[in-house]
Amino acid sequence: MNKHILDAMSAYYDVNPVDSTIASQPSTIALDNVSRRSFLKVAGIASSGLFMGVSLPSFAGSANKAAAGAEFNPNAFIHLSENGDTLIYCGRCEMGQGISTALPAAVADEMEADWSRVSIEQADGNEAKFGSQATGGSASIRKMFEPMRKAGAAAKEMLILAAAKVWQVSASDCYAENHFVINKLNQQKLGYGELATLAANIDVPAEPKLKSKDQYRYIGKALDRHDQGKVVVGKRVYGVDTKLPGMKYAAIAHCPVLGGTLKSVDKSQALKMQGVIDVVGISPIKHPFSSIGAVAVVADNSWTAQQAVKQLKIEWELGANAVYNTKDYKAQLVKNVEREAQLVTERGDIKKAFSNAATTLSATYTGVHLSHAPMEPNASVVWVQKDSCEVWASTQSPADIQKVLGQYLNRKPEDIKVHVMMAGGAFGRKFKCDYVHEAAVISEQVNAPVQLTWTREEDMRTGFYHSINAQHIQASMDEQGKVTGWLHRAAFPSINTLFDPSVTRPSKNNLGEIDDHPFGIKNYRSESGESPAHTRIGWYRAVYAIFYGFAMGTFADELADQAKQDTVKFLHNIYDANTNPEQQENTRRSKAVLDLAAKGAGWGKKLPKGEAIGIAVHYSFRSYVAMAVHVKVDGDSIKVLNVDCAIDCGQVLNTDGATAQMEGAVVMGMSLALATEITFRDGAVVNSNFHDYPVMRIKDMPNVRVHIVDSDEKPTGLGEPGVSPFAPALSNAVYAAVGKRYRDLPFNPLTV
Amino acid sequence: MSKTIIVNGTEYPIDVDEQMPLLWFLRDKLEFTGTKFGCGSGLCGACTVHVDGQATRSCITPVSTLANKNITTIEGLSDHGDHPLQKAWLENNVPQCGYCQAGQIMNAASLLANNSSPTDDEIVSAMQGNICRCGTYQRIKKAIRVAAVELAKEV
């Protein structure tokens, strides 16, 4: 092993000591001061100071718990050393969304810690210690903001009490500021490091006092990503970068069709290649995140392994899903939503609304499978030994790795040690751990640590895809253009199919986002159309909000057009018609972001021929986002010039991080609105790499302006909500520019 | 006498299969992991390094074709991480997941070495081969413009 890798590993182990097992706290205990001695004993590292575990009551599951597939139990650790260095662990997984900066900054703020003295480490997988680490559903900030603040505030109060003891004054005569406690009576100062050991012996306050908004030092400010300095010198270490002594490299070929099985494999040519060590067959286990079934080659480097995989002669029994062709399937979905489907929710009298209507309108919208395609393909290192199993993986859910490997190896989940590595993008894909399961099978077989890296082709063809989908909406309006009735049918293979293959249509829960949409419509009916799954369906950044936001945002514009009303005014009217007291906050905040985006874009201003602005607003993951998209259209060419994006996510933690998330959401929204589509033929994915899955490149980047509502509401997430309003705003803009209406995503599909 | 290659100023023997792309020689043989694997086909730019100063896709360049060539990876772009592009990247908070950024920076460095004051169109054309799935393009454009101005001051 090379020296720079050994140095990096040594540095890694210096800051990631042997698991310091802190017994899990009763859920009612707010904070626990792990004494210095017991910490040192279990952690075995030569440092001392205040070490705090945080364990807070479990929260009730979120409304979309089934979709998120996880519970959320916040937890964290602070370690203040005697030299003042402060280490904060991030329990949630970092994949570029900035959580490992935003949450520790909330701790540091309440603690009155000097941000320049804070270092941040990604926590290993350990739910007893850190609570739920499942990172999805744009939930990290929503769930963790208050617990993390309390952790910081409690530490600050303890440090103040420690200083008061030293000075023999009352705690009320002291205050904390920027890593010091200050004696108001004589302006004496004690540094946090000096106080660390004393503070460690003080009881944890049950209800530490939190700051008011005007006292925030870091929350709501623009913060740099804590480790971006490592990025620009190539030193941020991702899952795919793990190196271990004696490590072998693997490449893999998957069964191309879900449910297929291995018929035969001729490995003779592969085994003849220099550097090839073994060929390993992998069978699925009974878990939705398991490998789909594959054959892997192990070699002394990744490239040789990849070349050897090409030399395998594999025959698959493709099974029942070999009938799957997305072109035909989508046509069938359209049929299924353009006729009566299964009733899900009914309010008022939709038949009467339609029979009394002055005008009616109907439209059908479709979308396609998407592959997450993060820049880092699926990769992990696993080392299975007789009495241990250690994993290094880019992941969104270390606990699921523990469960799946525990099930495969017939060991307890807590015996699987998972190092959560920086993910080079994830977007929902790395919540699943099929690639880790596979590395474990290979490691067990060859009795060595194994790094399995999927090729881009395998990554694109062996996904957990965003649902292909169709929706049909019919609406009735009165003479004033007020919407009186709304019939909404949706058909798409649900994520529920992953957990229950007998599911053949979206559930009531899956339709919740349209049933609970804050549009005020008295007579409403939703129906679920038949749509069985023929591939694995997963969470893709923004999930169902992608197509719900598209259909509702585009149809609202079509209705406004029919009613000969300005779209912003029409949207105001439809929100104002909502009389449900529980949704008044939804409508108020939806309108506010709508107005902010409209104002930013100069809504209503005169534009040259072929140019126009379209607008859409969508509430998802408890955040509000509106986008006004300014386009220039020339024939089939759609050029996006500007995007004004307005967000209300309650209290923003990091304004720069929030802005970056919206810029990224525009890019992902534009990719899926214009170009990206995963096509299945005879059960298998046809696309293979970025030439036939054309994600957006720099030439198409518009000027994005992000407008943030200054809010005191509780913070909600921003990882996903920005994606959904882009496509409808774009469709509306193109229509306004040239009168052409796009109702199918992507607008300009590539024929593959 | 086996062939050798110079990576960030240090000479290494090319003691692998001739067809092995430079990317895997760097990552798996020398264990310089700053250069990333993204597509394996020269489509995404994540693996971009400099060969004698010119941006090159290391995932499709056999190492045997690079005997006696000078390779610069992100780890060797500057002595102290202070290349104007590296500074501009930080000043503009470009990275999100950061995985593609080594390739972006190396590609941009080659652009600026060849054209010290690129127009916006030239920046976009030069960077069109580098994909970022997080969507940091707006900041990449800005950072390159800022770095170009800084480089002009240095001359």
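The model on display is predicted, and the predictor assigns the complex an ipTM of 0.98 and a pTM of 0.92.

As background, nonpolar side chains in soluble globular proteins tend to be buried together.

Return to A597(A) and display its surroundings. Leaving out residues up to four places away in sequence, A597(A) touches I615(A), A626(A), M627(A), A628(A), D644(A), C645(A), A646(A) and H707(A).

**Chain A as a whole**

Now select the whole of chain A. Its 752 residues include 57% that count as buried, and its secondary structure comprises 22 helices and 28 strands. Of the contacts in chain A between residues at least 6 apart in sequence, 79% join residues at least 24 apart.

Colour chain A by domain. Domain 1 covers 3-221, domain 2 covers 239-320 + 378-453, and domain 3 covers 326-370 + 465-738. Then turn to where domain 1 of chain A meets domain 2 of chain A: 15 residues of domain 1 are in contact with 19 residues of domain 2. On the domain 1 side, the residues comprise 6 nonpolar, 6 polar and 3 charged.

**From chain A to chain B**

Show both chains and select the residues at their interface. Here 46 residues of chain B are in contact with 49 residues of chain A. On the chain B side, the elements that give two or more residues are α1 (22-29), α2 (84-91), α3 (101-114), α4 (120-127) and α5 (137-154). Highlight α5(B) in particular, as the largest share of this side, 4 residues, comes from that helix. By class, the side of chain B that touches chain A has 24 nonpolar, 15 polar and 7 charged residues.

**Inside chain B**

The average pLDDT of chain B is 96, and 99% of its residues score at least 70.

Which two domains make up the division of chain B? Select 4-76 for domain 1 and 84-154 for domain 2. The centres of these two domains of chain B, taken over C-alpha atoms, are separated by 21 Å. Their contact takes 15 residues from domain 1 of chain B and 12 residues from domain 2 of chain B. On the domain 1 side, strands β3 (48-51) and β4 (54-57) of chain B each supply at least two residues, and β3(B) gives the most, with 3 residues. That side of domain 1 of chain B divides into 6 nonpolar, 8 polar and 1 charged residues.

**Last stop: N70(B)**

Finally, select N70(B), which lies in strand β5 of chain B, residues 70-72. Is N70(B) buried or partly exposed? N70(B) is partly exposed, because 16 other C-beta atoms lie within 10 Å, whereas a buried residue would need 20 or more. Setting aside neighbours within four places in sequence, N70(B) is in contact with I6(B) and D52(B). To end the tour, draw a C-alpha to C-alpha distance from N70(B) to P84(B): the two residues are 14 residues apart in sequence and 21 Å apart in space.

Methods. Residues are numbered from 1 along each chain as its sequence is written. Chains are lettered from A and ligands numbered from 1 in the order in which they are written. This is a predicted model: local features need pLDDT of at least 70, side-chain atom pairs count only at pLDDT 80 or more; totals for chains, interfaces and linings use all residues. A residue is buried if 20 or more other C-beta atoms lie within 10 Å of its own, exposed if 12 or fewer, and partly exposed in between; C-beta atoms are placed from the backbone. Two residues are in contact if their C-beta atoms, placed from the backbone, lie within 7 Å. Domain bounds come from an automatic or database domain assignment. Ala, Val, Leu, Ile, Met, Phe, Trp, Tyr, Cys and Pro count as nonpolar, Asp, Glu, Lys and Arg as charged, and the others, Gly among them, as polar. pLDDT is the predictor's confidence in each residue, from 0 to 100.
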